[in-house]
Amino acid sequence: MTTATLPLKPINPDFEETVSFALGQREAARDFVEGITGSEAGLRNVFLVGCGGSLVASYAVHHMLETRAPFPVFHMNSAEFHLRRPALLGEGSLVVVASHTGTTKETVAAAEFARAAGATVAAVTRLPDRPLAKAAHTAFTYGSEDTVAAPKHVLFGQLGHALLEKSGVPGDYARLRAAYEALPGALHAAQLESEELCHAIAAGLADEEVTYVLSAGPNYGAGYGFTMCYLMEMQWKHGGSYHAGEFFHGAFEVVTEDQPVLLMLGEDGTRPMAERAKTFLDQYTRKAYYIDTRSLSLPGIPEDLRGEISPIALNTLASRLAHHYEAVRGHDLDKRRYMFKVEY
């Protein structure tokens, strides 16, 4: 039984400022992409590369580009990218590498490998003077040590929109830009509106032996990232992350009335998969918890663009939920057994 607690940390005071800083790099992203698409080689393909939370940050843009872009896009772990040595990598490839610290050895190696292969490399990282930024042709940064998920998603989203626009894909990019401009306040409001829910989830699941987390589509990264980076890495809690569509092809057999499951629901075209899972969970477990962006006001976000924003909102709330776990369980999010402590 959990008895230790810690004070709940406030919403990061630099949250809105950091998201705004990321938004300020939109024109730099457009200019960078224009340089690629207007080059002699042009743009042949895109690789989104990273590890852990930095790979999670590109799930939504991978989904967006796969559904709209006229070029192939690939999404993979940094070490696998380097070891797999993709046959399509070369001149005309854009490789976007991400690392919060800018020192992740697998990701720095991936950037160097991509440059040697003739690709154009962009980094998404915290600071411009780290090895990853120096290994890339350009870097998009956010500066904050504490506010990470939201600005990373903004930087990836702006790159994705620039790639679509400069590739001639039809879209109302001015409205998208306006919706993104509303994100600092909208995401801050989302955290305030979800404090009671996040506390209830953390308190309800604090002592559970294992929690399964479901999500789908562009929101899959939010569920996967919460499980691996927050539950397992930062709370030492057993968890499993499953795609809400795949759930019915095996994993749902472990559900009993006492099995806790956390389901994340967005508002894009893949929502029916998550709703199907919710219908099942409502019937077969009394320990189902839901984070649904439909419950959020998201001021300034037009109704028809909420699906574009829901992955950013869910990842932001996953980070906030982790702070509630920290407070309820008394387990500091910075506590580690192995990471940054031993050779691995």
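**Close-up views of a predicted model**

View 1. Side chains of opposite charge can pair when their charged atoms come close. Here, E34 and K166 form such a salt bridge, with 3.9 Å between the closest N and O atoms. Because E34 belongs to helix α2 (residues 26-37) and K166 to helix α8, the pair ties together parts that are 132 residues apart in sequence. K166, with a relative accessible area of 26%, is partly exposed. In total, the structure has 20 salt bridges.

**View 2. The salt bridge between D304 and R175.** The side chains of these two residues meet at an N to O distance of 3.0 Å. R175 is part of helix α9 (residues 173-181), while D304 lies in the loop between β9 (288-292) and α14, so the bridge ties together parts that are 129 residues apart in sequence. D304 is exposed, at 54% relative accessible area, whereas R175 is partly exposed, at 31%.

View 3. In the pair formed by E275 and R294, the closest N and O atoms are 3.7 Å apart. Helix α13 (residues 271-284) carries E275 and the loop between β9 and α14 carries R294, so parts that are 19 residues apart in sequence are tied together. E275 has a relative accessible area of 31% and is partly exposed; R294, at 52%, is exposed.

**View 4. The largest cavity.** Rolling a probe the size of a water molecule over the atoms shows where empty space is left. Helices α2, α8 and α9 each contribute at least two lining residues. By class, this lining has 4 nonpolar, 2 polar and 4 charged residues.

**View 5. The second largest cavity.** About 30 Å³ of space lies in this cavity. Its lining is made by V46, L48, V61, L65, V96, F156, L159, G160 and L163. Two or more of these residues come from each of β1 (45-50), α4 and α8. The largest share, 4 residues, is supplied by α8. The lining divides into 8 nonpolar residues, 1 polar residue and no charged residues.

**View 6. The second largest pocket.** This pocket has a volume of about 220 Å³. Of its 18 lining residues, A60, M64, P218, E308 and P311 lie nearest the centre. At least two lining residues come from each of α4 (59-68), α8 (149-166) and α14. Helix α4 gives the most, with 6 residues. The lining has 9 nonpolar, 6 polar and 3 charged residues.

**View 7. A nonpolar patch on the surface.** Y338, F340, V342 and Y344 make a nonpolar surface patch of about 530 Å². One of these residues, Y344, is found in the segment after α14 (306-329). The relative accessibility of Y344 is 59%. Because the limit for an exposed residue is over 50%, Y344 counts as exposed.

Key. Residues are numbered from 1 along each chain as its sequence is written. This is a predicted model: local features need pLDDT of at least 70, side-chain atom pairs count only at pLDDT 80 or more; totals for chains, interfaces and linings use all residues. Side-chain values use heavy atoms; hydrogens and water are left out. Patches are made of residues with over 30% relative accessible area and no salt bridge: like charges are joined within 9 Å, nonpolar side chains (Val, Leu, Ile, Met, Phe, Trp, Tyr) within 5 Å. Accessible areas come from the Shrake-Rupley method with a 1.4 Å probe; for residues, only the protein chains shown count as cover. A salt bridge is a side-chain nitrogen of Lys or Arg within 4 Å of a carboxyl oxygen of Asp or Glu. Buried means under 20% relative accessible area, exposed over 50%, partly exposed in between (1.4 Å probe, protein chains only). On a 1 Å grid over the protein atoms alone, a cavity is a set of points where a 1.4 Å probe fits but cannot get out, and a pocket is an open set with protein on both sides within 12 Å along at least five of seven lines; lining residues have an atom within 4 Å of a point. Grid points are joined across faces, edges and corners, and a volume is the space filled by probe spheres set on the points. Ala, Val, Leu, Ile, Met, Phe, Trp, Tyr, Cys and Pro count as nonpolar, Asp, Glu, Lys and Arg as charged, and the others, Gly among them, as polar.
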